[in-house]
Amino acid sequence: QLQLVESGGGLVQPGGFLRLSCAASGFSLDEYTIGWFRQAPGKEREGVLCISSSGVRTIYTESVKGRFAVARDNAKNMVYLQMNSLKPEDTVVYYCAGSYGSSCNRNFFDAWGQGTLVTVSS
């Protein structure tokens, strides 16, 4: 089974940037679509960005458009979430998730990482 581990979270000031990493193991990443999601306490999980196995990107939430970007390095079995111009409302736990195939349909993700906390505060 595909296993995913996120890293790179932490404390950053408003306007700052962070790069989250999602390390995959168990299978070759090039057959999987990877999505980034986030969830605040007491709220529903929200899709952020997705990059399909073929490299097609999907933005799930307009609030990150122009600020966040997703990239993958199949040779390293890694997917990255570059977050720029961070805002306090971006403070949540971020998860990466995997789905076999090339669809960014949010219902298809069945492998999840443990999450990494991002805190945007001065």
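**Disulfides and nonpolar cores**

Cys-50 and Cys-104 are both buried in this predicted model. A disulfide joins the two, with an S to S distance of 1.9 Å. The link of Cys-50 and Cys-104 is left-handed, with -85° about the S-S bond. Cys-50 lies in strand β5, and Cys-104 in the loop between β9 and β10 (111-112), so the pair ties together parts that are 54 residues apart in sequence.

The structure holds 2 disulfides. Another disulfide joins Cys-22 to Cys-96, at 2.1 Å from S to S. The link of Cys-22 and Cys-96 is right-handed, with 75° about the S-S bond. Strand β3 holds Cys-22 and strand β9 holds Cys-96, so this pair ties together parts 74 residues apart in sequence. Cys-22 and Cys-96 are both buried. Counting bonded cysteines along the chain, the disulfides follow the pattern 1-3, 2-4.

In soluble globular proteins, nonpolar side chains tend to be buried together. Here, the largest nonpolar core has 28 residues. Trp-36, Phe-68, Met-83 and Tyr-94 touch the most other members. Elements giving two or more residues to this core are β3 (18-25), β4 (32-39), β5 (46-51), β7 (68-73), β8 (78-83), β9 (92-100) and β11 (116-120). The most come from β3, which gives 4 residues.

Phe-68 illustrates the contacts of one core member. Beyond its neighbours within four places in sequence, Phe-68 is in contact with Arg-38, Val-48, Leu-49, Leu-81, Gln-82, Met-83, Asn-84, Leu-86, Asp-90 and Tyr-94. A second, separate core has 6 residues, including Phe-37, Tyr-60, Ala-97 and Cys-104. Cys-104 is also the disulfide partner of Cys-50.

Note on methods:
Residues numbered from 1 in each chain as written. Predicted model: local features only at pLDDT ≥ 70, side-chain atom pairs only at ≥ 80, totals over all residues. Heavy atoms only, no water. Core = buried A, V, L, I, M, F, W, Y, C linked by side-chain atoms within 4.5 Å. Buried < 20%, exposed > 50% of the residue type's maximum accessible area, 1.4 Å probe, protein only. Contact = heavy atoms within 4.5 Å. Disulfide = S-S within 2.5 Å.
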